[in-house]
Amino acid sequence: MTARPTARRPLALAALVALALAACATPPTPEPDAATAGTSGRDYTACMVSDFGGLDDKGFNQAVRDGMRTAEQELGVRTLTLESNSETDYAPNLEQAYQQGCDLTVTVGFSTADAARTAAERYPDRSFAIVDDSSIDLPNVKPVVYDTAQAAFLAGYLAAGYSRTGVVGVYGGQPFPPVMLFLDGFADGVAHYNEVHGTDVRLLGWDKASQTGTFSGTFDDIAAGKSVTRNLLDQGADVVMPVAGSLYQGTAEALRDAGRGVLIGVDNDTYEIAPQYGDLILSSVMKQMGDAIVSVVDEGSQGRFDATPYVGDLANAGVDLAPYHDLADTLPDGLADEVAALRQQVADGEIVVESVNSPR
């Protein structure tokens, strides 16, 4: 059967641009990612510009920074990071990356797309990559995107099988395609579980057909995540997947206060980055961002950069479902085996997970 879950100038001008940008914002000083930066290996500089969540967001930016550090250690390239605390930092940081001689600049998140496009057009001799966005069609920009609907499909199936109340919930930060991609996959996973088991597990927070659902309106207001989660719990949900950056912390707090329920993280293995919530984390829908970053830096440093999008999926292990960690022994009998078999079916193309928000 086929499931339908969802699831890439010249120096004078540069100086003028730099002056104009400086009048608007003061870019932070870029910092080497480790003490070994530039001491050996390839004569190549790879840089990272974070989105407004900052480098230590215990999420997306942190995972990309870890990938840059791995590239530095394994490939011997020089790496620099530039932190953004608001969207107004993107353009100055990208200009700073150019001034620092970055051969490749990686920007993190779809919110950086406009600034990245402008910089790539201004400096066609430099290479760029953008994580989680495929809207830029330029020969010097490589999209790094993830078909997270495939792994979210597994998470939806897992949640439906794990729920004791027969109600599960999701919410997003804002209605952007990479966010809704998770929600589409999760919804189809719940539907697939119901089809296989003849159950009627109910999903709160997302309607795939109408592409409408619950959004916190933010990716960094922990209190908002707590409030949204309380509402889902009040409606009976006992498994919640927040697709809203750091707001998973608010979800965990709401679960702790209620004394019931578990959460499914996104982007990273949330258990690893937030072990204080380990007893509440059932699993996570992971984007293996570090591996992709190392690959892109490796290709660029060998003169093999190209703009062909990298699309992470289950087949190439670019996305995956995290281990169940502390909650492994609480899964209903046979559920882990069902999810493992389902993973293989999706990876092999026996089950096709689709979405209007797919990066393909």
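The questions and answers below go through some features of a predicted model.

Reader: What makes the link between cysteine 47 and cysteine 102 a disulfide?

Author: The sulfur atoms of cysteine 47 and cysteine 102 are 1.9 Å apart. A disulfide is a pair of cysteine sulfur atoms within 2.5 Å, so the pair of cysteine 47 and cysteine 102 counts as a disulfide. By this rule the count comes to one disulfide.

Reader: Which hand does the link of cysteine 47 and cysteine 102 have?

Author: The link is left-handed, with -75° about the S-S bond.

Reader: Where in the chain do cysteine 47 and cysteine 102 lie?

Author: Cysteine 47 is in strand β2, residues 45–49. Cysteine 102 is in the loop between α3 (90–99) and β4 (104–108). The two are 55 residues apart, and the pair links distant parts of the chain.

Reader: Why is cysteine 47 called buried?

Author: Buried means under 20% relative accessible area. Cysteine 47 has 0%, so cysteine 47 counts as buried. Cysteine 102 has a relative accessible area of 1% and is therefore buried too.

Reader: Which residues make the contact between α2 and α10?

Author: On the α2 side, the residues include Phe60, Ala63, Val64, Gly67 and Met68. On the α10 side, they include Met289, Gly290, Ile293 and Val294.

Reader: What is the order of the strands in the open sheet of six strands?

Author: The order is β8-β7-β11-β12-β13-β15, and the pairing is mixed.

Reader: What makes β8 and β15 the edge strands?

Author: Strands β8 (202–204) and β15 (319–321) each pair on one side only. Neighbouring strands of this sheet are turned by 15° against each other on average, direction ignored.

Reader: How do you know that β7 pairs with β8?

Author: Two strands pair if DSSP finds at least two bridges between them. Three bridges join β7 (residues 167–172) to β8, so the two strands pair. Strands β7 and β8 run parallel, and valine 168 stands opposite leucine 203 in β8.

Reader: Which helices pack on the sheet?

Author: Helix α6 (residues 177–197) does, touching β7, β8, β11 (239–243), β12 (262–267) and β13 (281–287). The direction of α6 makes about 170° with that of β7. Helix α8 (residues 248–258) also packs on the sheet, touching β7, β11 and β12. The direction of α8 makes about 175° with that of β12.

Reader: How do you know that β11 pairs with β12?

Author: Two bridges join β11 to β12. The rule asks for at least two, so β11 and β12 pair. The two strands run parallel, and the bridge partner of valine 240 in β12 is leucine 263.

Reader: What makes β12 mostly covered?

Author: Six of the six residues of β12 are buried.

Reader: What makes β6 mostly covered?

Author: In β6, six of its six residues are buried. Val141, Pro143 and Val145 point one way from β6, while Lys142, Val144 and Tyr146 point the other way.

Reader: To which strands is β6 joined by bridges?

Author: Four bridges join β5 to β6, which run parallel. The bridge partner of valine 131 in β6 is valine 144. Three bridges join β6 to β14 (residues 310–312), and these strands also run parallel. Valine 145 stands opposite valine 311 in β14.

Reader: What is the phi of aspartate 132, and what is that of histidine 325?

Author: Phi of aspartate 132 is near 75°, a positive value in a residue other than glycine. Histidine 325 has a positive phi of about 50° although it is not a glycine. Aspartate 132 is in the loop between β5 (127–131) and β6 (141–146), and histidine 325 is in the loop between β15 and α11 (335–347).

How values were computed
Residues are numbered from 1 along each chain as its sequence is written. This is a predicted model: local features need pLDDT of at least 70, side-chain atom pairs count only at pLDDT 80 or more; totals for chains, interfaces and linings use all residues. Side-chain values use heavy atoms; hydrogens and water are left out. Axes are lines fitted to C-alpha atoms, for helices over the stretch in contact, and angles run from 0 to 180 degrees between N-to-C directions. Contact means heavy atoms within 4.5 Å. Buried means under 20% relative accessible area, exposed over 50%, partly exposed in between (1.4 Å probe, protein chains only).
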